[in-house]
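Subject: The structure you asked about

Hi,

Here is the structure I promised to pass on. Have a look at it first, then read my notes below.

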Amino acid sequence: MAESVALQDAVGGSGNSAYVPLSSLGALPYFFPVGIFPFIAAAALYGGWWLAGPFLFTFLVDQLDTALGKHEENIAPQQRERDLFWFKMAVWFWVALYPVTFIYAFRQVFVADYLGWWEDVLIVLSLGVMARLALNAGHDMMHRRTTWERRVGELLMASVSFPQEITEHVCIHHTHIGTPLDAVSAPRGQSFWQYLPRSVARSYADTWRFERERLARRRLPVWHYTNPVWRYVLETAAWYALAYGLGGVAGALVFLAISAMGIFQLRMVDYLQHYGLQRVHLPNGRFERVQPRHSWSIAYKLSDWFYYNAQRHADHHISATRLYPLLQHCGPDTAPQLPGSYSELSGIVLFPQRWFKTMDPLVEQWRAHFYPHIDDWRAYDSAAYQACPDAFKVIDEIQRAAPPLAAWIDRDPGLLAALQRREFTDLDLPDGFGPDPEFETLARRGLARVYWTLECDVAEMRAQLDDTPMRNVREAVETVRDWSNDKVFQLCLHVLRGNLTPTEAGLAVSNIAEASLSTVLAAVSADCNRRRLDGGLVAAMLGDPASGDALFGTDLDVMLLYEGAPHRHLDKLFRRCLKALDALAQDNLLFARHLRHREPAVVTAPADFRDAMLAQNRNGKLPDMTRLRRVFADDAETGERFDQTRLDLLNATIATTATQVVADLETLAG
C-alpha cells in the first residue's frame with residue numbers, strides 16, 4: 001500500500017489513499033462517443049427532424065458534463081497491455097466507424113437529390129462537430145507505441161487537414177510546452193483570436209523547420225523520402241481527392257470548411273489547456289523540466305469518457321505514451337485546476353475580456369503558489385520574451401530597470417540582436433575576467449568610453465552607413481533608422497550596466513543623431529540635384545540631441561537653410577527633406593517626433609544668414625547657439641559660412657549677456 005501511494009504522489013495524483021482496481025467494465029463508458037455515428041447516419045439518410053440528433057447529442061454532453069460529477073479516481077499506471085484490451089477497443093470502434101460515417105454523410109450532401117439546401121448545411125455542420133472528435137481520437141493514436149497505429153492517427157488527422165500536428169505535438173509541443181518555442185502554449189494576456197491564426201500558421205511552419213533540421217543533422221536533403229511532410233501531404237491530398245470526386249470543387253471547399261471547424265475546436269481546447277502557464281528560466285539559461293503544474297487540469301466524468309481522459313492533460317505531459325485509461329488526475333497541490341469544464345470554458349474563450357477576468361486571477365494564484373520566490377513576472381509576460389526567449393536575462397534586466405525601454409523592445413524585439421554584435425560584446429565583458437569586481441567595472445567602463453567617445457565618432461559612423469547600399473531616399477531612411485536604433489539601444493544597456501555615464505552616452509547619441517540626419521539629407525540632396533538645383537543646403541539640429549543631453553525619446557528639431565538663387569524646385573526639395581525627417585522619426589528609439597515649426601529659409605547672400613537664422617524661431621529671439629549643431633551641408637563653403645555666422649551670433653549673445661550683467665550689478669550697487 002505504501003508503495004502504491006508513493007507512486008501516485010510521484011505522478012501527481014489526486015491524493016487518494018489507493019488506486020481503484022482495473023476492470024473491463026470500466027471501459028464501457030468510453031464507448032459513449034461512438035453514439036454520435038447513428039445520429040449522423042440517420043440525419044444524412046432521412047433529413048428533417050433527424051438532423052437535430054447530432055446536435056442534441058453533443059448539446060447533452062455539454063449540459064450534463066458537470067451534472068454527473070467529477071472523476072478523480074486513478075488506475076495504477078503499471079498495467080499489462082492485454083488488460084487494457086477493451087479500453088483500446090473503445091477507440092478502435094470509433095476509428096473504424098468514423099470514415100464510413102463521414103463518407104456516407106458527405107456523399108448524401110452532394111449525390112443524394114432529395115435533401116434541401118438547409119439540410120445539407122446542417123449535415124456539414126454536424127460533420128464539423130465530428131471533426132473535433134476525429135482530432136481527439138487521432139491524438140490518442142499518435143501516442144501509441146506501434147508504427148502502424150501512429151499511421152492510423154496520421155490518417156485521422158489528415159481527415160481534418162492537420163496531419164502535421166503529429167510532428168508538432170509529439171516533437172515540439174511536448175518538448176517546449178510552457179515556453180515561447182511552443183506555438184500551442186498561449187502566454188498570459190493573449191486572446192484566443194490572437195492565438196488562433198498564429199498557432200495554426202506556426203504549426204505548419206514549425207513542423208517544416210523541425211523536419212528540415214532533423215534531416216540536416218543526418219546530412220540528408222529536405223526532399224528525402226523519410227521526411228514525413230511528404231506523407232502528410234499525400235494523406236491530406238487523398239482526402240481532398242475523395243471530396244472532389246464526390247462533390248467537385250464545391251466538395252473540396254466544403255471539406256476545407258469542415259477541417260476549419262475541427263481545427264478551430266482543437267485550438268480552442270489547446271488554448272485553455274495551457275493559457276498563462278510558463279516554465280521558469282533557470283540561471284543556466286535552460287528551462288525548468290516539465291511538471292504537472294504546466295497544464296491546467298480538471299476531472300469531470302462525462303468529458304473524460306467523451307474525450308478519452310483529455311482533461312487529465314497535466315499527467316499526459318509527464319508520461320506521453322501512457323494509455324488514456326491510466327492517466328492520473330492531478331490535484332490542486334500538483335497542478336492548477338480549471339474553474340469549470342471544457343464545455344463551460346469554451347463559451348468564455350470566445351470573449352477575451354470575460355476570459356481574462358476569469359483566468360488571469362487564477363494565473364496569479366498559480367504563480368504565487370508554485371513560484372513564491374519570483375516577485376516580477378513582467379519579463380515572462382512581455383512580447384519581447386515571446387519573440388526572443390534566449391534573451392530572457394536581458395529582457396528581465398530591462399523590465400526591472402527601464403520600463404520605457406522595455407516598451408520599445410516589446411514593439412521591436414529585433415533590437416535585442418544588437419547585443420549580439422561584437423561592437424557590444426567586446427565592450428560588455430563577462431564577469432570573472434579580472435582579479436576583482438572593481439577592476440572589471442573599471443575595465444568595462446574604460447573600453448566603452450574610449451570606443452563611444454573617441455573611436456566611433458561621426459566620421460566612423462558615416463563610414464558604417466556609407467558601406468550599406470541605399471538605392472533611394474526610402475531605403476536610406478529605413479537603413480538609418482534601424483542602424484540608429486541598434487546604436488542607441490546598445491548605449492542604453494551600457495548606461496543601465498554602469499559601463500557609461502548618461503553624460504558620456506549623451507555625447508555618443510549626439511554623434512548618432514548627426515550621422516543619421518546627414519545620411520538621410522544627403523540622400524535627399526543627391527536625388528534633388530539630379531533636377532539641376534544650384535546652391536547649397538544646410539541643416540542644423542537644435543535642442544537636447546545637439547547638446548548631448550538626450551539618450552532616447554527626444555524631439556527632432558531641425559533648421560533647414562538653402563543658400564542660392566530661388567528656384568522652382570526648391571519647394572520640392574524642402575518638402576522631400578521634411579517628409580524624410582518625418583519618416584525618420586517614426587518608430588525611432590532616439591527621436592520621439594519631428595517638430596515642424598521651423599519653416600525652411602532661402603539665403604540669397606552670405607550676409608543674410610543671420611536674418612534667416614533669427615526668422616526660424618517662433619518667438620523671434622535668437623536660438624541658443626550652444627544647443628545648435630550643424631549636421632549637414634552639401635557644399636563645404638556654405639557650411640563654413642553657416643558656422644561663422646553661428647559663431648558671430650554666439651559671441652554677440654555673450655557680449656550682450658555680459659553687458660546686461662554689468663548693468664544689473666551697477667543697478668544693485670547704486
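Which residues form a nonpolar patch on the surface? They are Leu-56, Phe-59, Leu-60, Leu-64 and Leu-68, with about 450 Å² of accessible area together. For a patch like this, residues need over 30% relative accessible area and no salt bridge, and nonpolar side chains (Val, Leu, Ile, Met, Phe, Trp, Tyr) are joined within 5 Å. A salt bridge means a side-chain nitrogen of Lys or Arg within 4 Å of a carboxyl oxygen of Asp or Glu, and the areas come from the Shrake-Rupley method with a 1.4 Å probe, where only the protein chains shown count as cover for residues.

Before you go further: this is a predicted model, where local features need pLDDT of at least 70 and side-chain atom pairs count only at pLDDT 80 or more, while totals for chains, interfaces and linings use all residues. Residues are numbered from 1 along each chain as its sequence is written, and side-chain values use heavy atoms, without hydrogens or water.

Helices here are DSSP runs (H or I, at least four residues), numbered from the N terminus. Leu-56 is partly exposed, because its relative accessible area is 48% (buried is under 20%, exposed over 50%, partly exposed in between).

Helix 2 (residues 36–46) has buried residues: Ile-36, Phe-37, Ile-40, Ala-42, Ala-43 and Ala-44. Their cover includes helix 3, helix 4 (85–110) and helix 5 (117–142). After helix 2 comes Gly-47, with a positive phi near 65°.

Now find Ser-203 in helix 8 (residues 192–217). Is Ser-203 buried or exposed? Buried, because its relative accessibility is 0%. Leaving out residues up to four places away in sequence, Ser-203 touches Phe-162, Gln-164, Glu-165, Glu-168 and Arg-267 (contact is heavy atoms within 4.5 Å).

Cheers

Definitions and conventions. Patches are made of residues with over 30% relative accessible area and no salt bridge: like charges are joined within 9 Å, nonpolar side chains (Val, Leu, Ile, Met, Phe, Trp, Tyr) within 5 Å. Buried means under 20% relative accessible area, exposed over 50%, partly exposed in between (1.4 Å probe, protein chains only). Helices (H or I, at least four residues) and strands (E, at least two) are DSSP runs, numbered from the N terminus.
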